[in-house]
Amino acid sequence: MNSIKTVLKGVFSQKTRAVLTGVSTLCAAAIITCLVAFYHTATDFMSDEIDRINLGTKIHLHIMSGEDSTQQLTYADYQQHIQGQFHPYNTVASKTQHTDVQLNIKDQQNGFYENVITNAEYAETFQIEMNEGRFFNKLDHPYNRFVVIGHEIAESLRENNPDKPLDTMFIGTNEYKILGVIKEAARGMFFGWHRTNTAMFTFLNHSDGGNIPIDQVSIQVSNPDDCPKISAQLTSILSDKFPSVRYQIDDMGKTAQDLKSYLFKIRLVFCVIGFVSALVAGVNICNSMFAIIAERSKEIGIRLAIGASAFQVKSLLTAETGTVCLLSSMLGVAVGEAISGLLVDYIEWEYRWTIESSVIGFLLINIISILSCYIALRKINRMNPITAIQNTQ
Amino acid sequence: MSEIIQLQKIKKTLTKRRQQHTLLDECSLSVNQGDMLAITGQSGIGKSTLLNIIGCLDFPTQGKYLFDDHDVTKMNIKQRNMLRKKHFGYIFQQYLLIEHLSVLDNVALALQYRNPRQNSCSESKKILNEFGLSNHENHKPNELSGGQQQRASLARAIITNPRVLLADEPTGALDAHNSHLMMKTLKEINQSRDTTIILVTHDLEMANYCKRTITMESILGKAVAHE
C-alpha cells in the first residue's frame, strides 16, 4: 500500500511530464490498436476470399455474345467438346441474364425457377431471420434454376400476397420458399450487384435443350497447380473447334495467387507502419525517461545518498512510468478501437472486432515502455550520488 | 576508543577537457568511534570532497581508506552502497529534502530504504516529535523555515541510527541562533548515542563545539590536514 502511495506521489509530483508521457503513450497505443484492427478487417476479408477460392479453385470460361450462330457456343457444343474433357474435374455450363424480373413474369416464365433468393434488405425490412450466404455459384449449390430478386421488387411482389408467410414469394401463380439472403458484405464480390435492388435475375441452365446458347462454363479445379494446364487445354479446344467464338478465361487459381500476393504486400505495409509507430513510441518514451532522470537527478542523488540502492531507484521510476503508461495505454486501446470502428464504418467495410488488436496494442506499448525505461535507467547504475546532487544544485 | 575510519594518503583528481585537476592530495586522517570532528579550512581546499569520500558518496583516485579495518577502496559500488546505507547518515548545507514529499515521508524514506518491512511511520513521527516538528510532519519542505528544514534533515540522517554522521556545512544556511541550536543538538546526539560526527565548516565558532578540529591547508599545492 505504501509503495503504491509512493509511486502515485511521484507521478503527481511531475504532472506535466506525466501528462506528456501519457499522451504520447496513448497516441502510440491508439495507432497500434487501430493498425491491428484495420489489418484484421482488411486482410481477414481477403484471406477468407482466398480460402473460399482455394477450397474449390475454378476456371471460368466466359463467352462473349455473338451476332450469328457461329459466334455462339450451344449447350450441345459444350456436351460434345467440353464436358468430360477435364477428368477428374467436373464442368458445368450456364447461361446468365440480367433483366427485369417483372418483365420475365410477363414473359410467362412461371414455374421456371426452382428457388428464390433475395438480398439482406428484405430480411431487415420485415425483421425476419433468414439464411445468409452465397448462392450465385452453381458449383457451390446444386440448384438448377434460381432467381435473385432485389428487395424493392420482392417487397412489391409481397404487396399482392400480404397474408402469406414472410419467407415465401409469389412469382406469377407459383409460391416459392425464399432460400436465403445475400449478405451485404458480399455485394462487392458480384458484378452488377447494384441492380439487385431494383431487379436482377440469374438463371443457370444445363438441361433445357441443346440449342440454348450458353455464356459460361465453369471447371472445378481443386488443385490450383493444375489451373494453367486446364486453361491451356480449354484454349486449345476453343481455337480448334470454335475459332469465331470470342471468349475470356478467368483463372480463379491465378486470382487467388494474385490476391495472396496483394495480401502479403498489404500485410507488409501494415507491419512496417506498425513497426515505425512502435519505434517512434519507444524513442519517445526513452527520451522522456532521459529527461525525467535529468530533471530528477537531484532527487535520485538524495535517494542514493540516504541509502537507496540503484535497483530501488530504478524500480520506483519504472513503476511511476509504468503506471502512466499502463493507464494511458488502456485509454489508447479504447481510443484506437473507437477510431478504427468509426473509420471502417465510414468506408463501409465490415468491422471485425477481435480481442487481438486490443491485446497487441496494450502489450506492445507496455513492453516498449518498460524496455525504454530499462535502457534509460541503466544510467543510474553508474551514477555517483554527489555528482547527481551537484548537477542540479 | 577504537579507530573507525583511517584514511591513508588519499588522492582525488578530476579530468576535465584532458586536464587533470587535483582536488585532494595525499590526505591522511584517522577518526575514532564516538569522535566529534570538525574539518575546517578555506573554500576550495577539498573539505567536502574529503567528507564525500569518507561517506562513500565519492571514491578516491589513489590511497587507502579503511572503515572498521575493511578496505573501502577495494569495494565495488554495491558494497560501498551497502556500507553507506548501514553506517552513514548525512546532513547537507542545502538540507536536500525531496521537495514533493512531506516532512514525514522524507524522514521515513531513509528508514524504508534500510528496512522496507519496518514500520517507518511511527518511528518517524517519534523522531519528528523529538525535534519539535510534529506540527509540521505533513508540510512540504518549502513550507518550512531553514532551521526547521535542517532539523528535518537531521532527523532523516539519524533515524537509521548510523554509526557515523557526516555534516557538510550544516549551519551554512542558518542564522546564528539556529546555528548554535543545531550544533548543540549534534553534540547531544554525539554524547547520548555515541555517534561519530564529522562535520565540515569554515566557522571556527561552530568548530569549537567539536572534540577535535582538523584544519586543511594548502602546502606546496597539496591539501594537508593537521590538528
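Predicted model: local features only at pLDDT ≥ 70, side-chain atom pairs only at ≥ 80, totals over all residues.
Four strands of chain A form an open sheet in the order E3-E10-E1-E11. The pairing is antiparallel. Strands E3 (91-94) and E11 (247-251) are the edges, each pairing on one side only. On average, neighbouring strands are turned by 15 degrees against each other, direction ignored.

E3(A) and strand E10 (residues 216-220) of chain A run antiparallel and are joined by four bridges. In this part of the sheet, A:Ser94 stands opposite A:Gln216 of E10(A). In general, strands of a sheet pair through backbone hydrogen bonds.

## Helices across the sheet

Two helices of chain A are described against these strands. Helix H3 (residues 75-82) of chain A lies across E1 (58-63), E3 and E10. H3(A) runs at about 165 degrees to E3(A).

Helix H7 (residues 227-241) of chain A lies across E1, E10 and E11. Its angle to E11(A) is about 170 degrees.

## Helix H10 of chain A

Helix H10 of chain A spans residues 310-346, which is 37 residues. From first C-alpha to last, H10(A) reaches 51 Å. That is close to the 54 Å expected at 1.5 Å a residue. A:Glu348 follows H10(A) and has a positive phi, near 60 degrees.

## H3 against H5 in chain B

In chain B, helix H3 (residues 103-114) meets helix H5 (residues 146-158). Their axes come within 7 Å and cross at roughly 25 degrees. Angles under 35 degrees count as roughly parallel, so H3(B) and H5(B) are roughly parallel to each other. The crossing is right-handed.

H3(B) contributes B:Val103, B:Asn106, B:Val107 and B:Ala110 to the contact. H5(B) contributes B:Ala152, B:Ala155 and B:Arg156. By class, five of these residues are nonpolar, one is polar and one is charged. As background, an α-helix has 3.6 residues a turn, so residues three or four places apart point the same way.

## H3 against H4 in chain B

H3(B) also packs with helix H4 (residues 120-130) of chain B, at an angle of about 120 degrees. Their axes are 9 Å apart. H3(B) and H4(B) are therefore oblique to each other. H3(B) passes H4(B) in a right-handed crossing.

On the H3(B) side, the contact is made by B:Val103, B:Leu104, B:Val107, B:Ala108, B:Leu111 and B:Gln112. On the H4(B) side are B:Ser120, B:Cys121, B:Glu123, B:Ser124, B:Lys125, B:Ile127 and B:Leu128. These residues divide into eight nonpolar, three polar and two charged. B:Val103 and B:Val107 of H3(B) take part in the contacts with both H5(B) and H4(B).

Technical notes
Residues numbered from 1 in each chain as written. Chains lettered and ligands numbered in written order. Heavy atoms only, no water. Axes fitted to C-alpha atoms, helices over the stretch in contact; angles between N-to-C directions. Parallel < 35°, antiparallel > 145°, perpendicular 65-115°, else oblique. Left-handed = near helix turned anticlockwise from the far one by under 90°. Contact = heavy atoms within 4.5 Å. Nonpolar A, V, L, I, M, F, W, Y, C, P; charged D, E, K, R; others polar. Expected span 1.5 Å × (residues − 1). Pairing = 2+ DSSP bridges.
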